[in-house]
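Please keep the sequence and the coordinates at hand while reading.

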Amino acid sequence: DMSPQLVLDIVKQLGIKVYTIGIGSDTPKYQQTFMGFVMVPGVNRVLLERIPAATGGKFFLAKNPRDMRAIYDI
């Protein structure tokens with residue numbers, strides 16, 4: 001339960017390059033359930049882009065299994 005900034009400071013001090021993958025959509029969606037509609041939040045793209053930018057890594061967005069396979073094939 002550390003803040004993202006604290007984790008970022010630690011990995012930068014250790015010289016660790018961080019790569020992030022957002023799984024799903026980067027925009028919120030509404031999904032129908034038996035109790036009505038619920039909002040499914042999108043990935044936090046701002047945070048997931050900020051961390052690798054500060055460590056020399058890279059951000060990827062996988063919207064489907066094909067995208068995930070392509071990311072791992074890189």
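In this predicted model, the side chain of Thr-55 reaches the backbone nitrogen of Val-18 at a distance of 3.0 Å. A polar atom of that Thr-55 side chain also lies 3.2 Å from the backbone oxygen of Ile-51. Both pairs fall within the 3.5 Å limit for a polar contact. Thr-55 itself belongs to helix H2.

Is Thr-55 buried or exposed? Its relative accessible area is 13%; residues under 20% count as buried, and Thr-55 is therefore classed as buried. Once the neighbours within four places in sequence are set aside, Thr-55 is in contact with Leu-8, Val-11, Lys-12, Ile-16, Lys-17 and Val-18.

The surroundings of Thr-55 lead on to the pairing of two helices. In general, two packed helices are described by the angle between their axes and the distance between the axes. Here, helix H1 covers residues 4–14 and helix H2 covers residues 45–55. Their axes come within 10 Å and cross at roughly 20°. Angles under 35 degrees count as roughly parallel, and H1 and H2 are therefore roughly parallel to each other. The handedness of the crossing is right-handed.

Which residues make the contact between H1 and H2? From H1 come Pro-4, Gln-5, Leu-8, Val-11 and Lys-12, while H2 supplies Leu-47, Arg-50, Ile-51, Ala-54 and Thr-55. Ile-51, whose backbone oxygen lies 3.2 Å from the Thr-55 side chain, is one of the H2 residues in the contact.

Leu-6 also lies in helix H1. With a relative accessible area of 38%, Leu-6 is partly exposed, a class that lies between the limits of 20% and 50%. Leu-6 and Asp-73 are 67 residues apart in sequence, and their C-alpha atoms are 31 Å apart in space.

A strand provides the last stop. Lys-29 has its place in strand E2, which covers residues 29–33. Leaving aside neighbours within four places in sequence, Lys-29 is in contact with Val-38, Met-39 and Val-40. Between Lys-29 and Leu-61 there is a separation of 32 residues in sequence and of 16 Å in space, from C-alpha to C-alpha.

Notes:
Residues are numbered from 1 along each chain as its sequence is written. This is a predicted model: local features need pLDDT of at least 70, side-chain atom pairs count only at pLDDT 80 or more; totals for chains, interfaces and linings use all residues. Side-chain values use heavy atoms; hydrogens and water are left out. Axes are lines fitted to C-alpha atoms, for helices over the stretch in contact, and angles run from 0 to 180 degrees between N-to-C directions. Helices (H or I, at least four residues) and strands (E, at least two) are DSSP runs, numbered from the N terminus. Angles under 35 degrees count as roughly parallel, over 145 as roughly antiparallel, 65 to 115 as roughly perpendicular and the rest as oblique. A crossing is left-handed if the near helix is turned anticlockwise from the far one by less than a right angle, and right-handed if clockwise. Contact means heavy atoms within 4.5 Å. Buried means under 20% relative accessible area, exposed over 50%, partly exposed in between (1.4 Å probe, protein chains only). A polar contact is a pair of N or O atoms within 3.5 Å; within protein, one must be able to donate a hydrogen and the other to accept it, and residues adjacent in sequence count only if both atoms are side-chain atoms.
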